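Subject: Handover of a structure, with findings

Dear colleague,

Please find below the structure that I am handing over to you.

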Amino acid sequence: MEKHNAIIKPSYDDRLTNDDLAPLKKQAWGSYNIFAFWMSDVHSVGGYVTAGSLFALGLSSWQVLVSLLLGIMIVQFFANLVAKPSQVTSAPYPVICRTTFGVLGANIPAIIRGLIAVAWYGIQTYLASGAFLLIVLKFFPEMAIYADVKQYGFVGLSYLGWLGFMVMWVLQAIVFWTGMDAIRKFIDWAGPAVYVVMLLLAVWLVTKAGWSNIDLNLGGIKYSGFAALPVMINAIALVVSYFSGPMLNFGDFSRYGKDFKSVKRGNFWGLPVNFLGFSLLTVICIAATLPIYGKLITDPVAMVGHIDNTFAVVLGGLTFMVATVGINIVANFVSPAFDFSNVAPKMISWRMGGMIAAVGSIFITPWNLFNNPHVIHYTLDILGSFIGPLFGILIADFYLVKKQRVIVDDLYTMDRNGAYWYDNGYNRKAITALIPAAIIPVCCVLVPGLDGLANFTWFIGMGCGLAIYWAISHKQTVTVAAGAAA
């Protein structure tokens, strides 16, 4: 995101424009760059645990693979939809939201997405710090006493935990601060590097366990026939929910795509192909831990910690550190950087927006959030209940209401005659649609009788947002057309 790559016209209002939010002169990302983006998004401790957990649902391996494939194809379909407006305009997600929510109203979806990213940024940094501590204790076991939060702790984290967290925090900040081009170069090699080490780890584990001793049905087969169908549907929903955050703001990356075909091709290789490959490696590694260690180990950091080879421990620890840095930057650093910059472009640059998110991630003490299932459930699920509605409203507006037409210059003007000024900068129809579309999935999280629908909040919110917004906009269009005819 260099200054020379921004197109800033005299008509652009500085309350809506800076060098990072403005359209690009050059869009140079090809299919491989998009592919690498998704690799970084998939290859993480969280992705590893999520993929492994699906194989432990009591389904047969082929049923899990079918669920994974269907879920990730849904993600691919929607990622293509949300990618297009940003690719054709070269505008990031919060700027594209101006077409739907208004030039000022776009701050509503931007802040919501930014807050979600802050929470996940802190959690992922905390998870990555576990790999760092594993390496430290391998070489300096005498420091283990400082990992005891009861003796040496502050606000719920041990002194050694603080060291690991802040080391990862600083490393990520350095990569981010170097700019978007450096981030592109980082994810271009980080994703494949993780694959190489994962493959080596899988080969080592399988060799030690013996292929005949490996059962890919991690939790045993509990469901068969039609009884397996609801479980498979839940697995599909979990896959979509896991990717819902980066899918919503995928425009922050597709804006750099040199053409839409390249973005779609990158999505194909990065989602169904890459996700299935990573999931297979994950389940093989987890399955091999049972015959080797006598128990299934789904946490990759804990699994690496059981290896009695120092080089392997260091390599594995570094790998999961790099993997988590990758997902954190692409999913939880770049997004709030644009989102918070969009709130006050004159005062908040892209870099400052990212650092606001990074600093905020410390104050939410993510280790306390992650270690309390009830807190993390209510905090993240409630915030996540807004992702679906925001997605549905944006898609309905771009494809159904505006028929894929965007006036780029009007995205950056406060002129009352601008297409996206609406009512004092806010599109009341979008806000009106967002409220009930978010309340419904939030109820699914909070109301005990509806907790069975909690895994489907993204679909429920997306469907409600799309339908309500389309109904409101369509009704007004019909009314205006009828009045003109009269």
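**Confidence**

Please bear in mind that this is a predicted model. The mean pLDDT of the chain is 88, and 95% of its residues reach 70 or more. Among the elements of the chain, helix α4 (residues 93-101) has the highest mean pLDDT, at 97, while helix α16 (residues 373-384) has the lowest, at 67. Over residues 478-486 the pLDDT falls below 50, and this stretch makes zero contacts in the model beyond near neighbours in sequence. Where pLDDT is low, the predicted coordinates should not be read in detail.

**The chain as a whole**

The chain contains 19 helices and two strands. Its C-alpha atoms fill a box of roughly 80 × 50 × 45 Å, taken along the principal axes. The radius of gyration is 23 Å, which agrees with the value near 23 Å that a compact globule of 486 residues would have.

Buried residues account for 56% of the 486 residues. Of the contacts between residues at least 6 apart in sequence, 81% join residues at least 24 apart.

Ile187 belongs to helix α7, which covers residues 180-209. Is this residue buried or exposed? Ile187 is buried, because its relative accessible area is 0%. Not counting residues up to four places away in sequence, Ile187 touches Trp29, Asn33, Ala36, Phe37, Ser40, Pro192 and Val330. Ala323 lies 136 residues from Ile187 along the chain, and the C-alpha atoms of the two are separated by 9.2 Å.

Ala227 is located in the loop between α7 and α8 (228-248). With a relative accessible area of 46%, Ala227 is partly exposed. Ala227 and Leu59 are 168 residues apart in sequence, and their C-alpha atoms are 9.9 Å apart in space.

Helix α13 (residues 334-343) is mostly covered, as nine of its ten residues are buried. The buried residues of α13 are Val334, Ser335, Pro336, Ala337, Phe338, Asp339, Phe340, Ser341 and Asn342.

Helix α14 spans residues 350-363 and includes Met355. Which residues does Met355 contact, leaving aside its neighbours within four places in sequence? The contacts of Met355 are with Trp169, Ala173, Phe176, Trp177 and Phe333. For one of these, Ala173, the C-alpha atom is separated from that of Met355 by 7.5 Å, although the two residues are 182 apart along the chain.

Met352 also lies in helix α14. Met352 is partly exposed, with a relative accessible area of 41%. The C-alpha atoms of Met352 and Pro436 are separated by 33 Å, and these residues are 84 apart along the chain.

Most residues other than glycine have a negative phi.

Ser90 has a phi near 60 degrees, a positive value in a residue other than glycine. Ser90 sits in the loop between α3 (61-89) and α4. The relative accessible area of Ser90 is 4%, so this residue is buried.

Val155 is not a glycine either, yet its phi is positive, at about 45 degrees. Val155 is placed in the loop between β1 (153-154) and β2 (157-158). Val155 is partly exposed, with a relative accessible area of 42%.

**In brief**

The points to carry forward are the 19 helices and two strands of the chain, the mostly covered helix α13, and the stretch at residues 478-486, where the pLDDT is below 50.

With kind regards

Key. Residues numbered from 1 in each chain as written. Predicted model: local features only at pLDDT ≥ 70, side-chain atom pairs only at ≥ 80, totals over all residues. Heavy atoms only, no water. Buried < 20%, exposed > 50% of the residue type's maximum accessible area, 1.4 Å probe, protein only. Helix = DSSP H or I, 4+ residues; strand = E, 2+ residues; numbered from the N terminus. pLDDT = per-residue confidence, 0-100. Contact = heavy atoms within 4.5 Å. Rg over C-alpha atoms; globule rule 2.2 N^0.38 Å.
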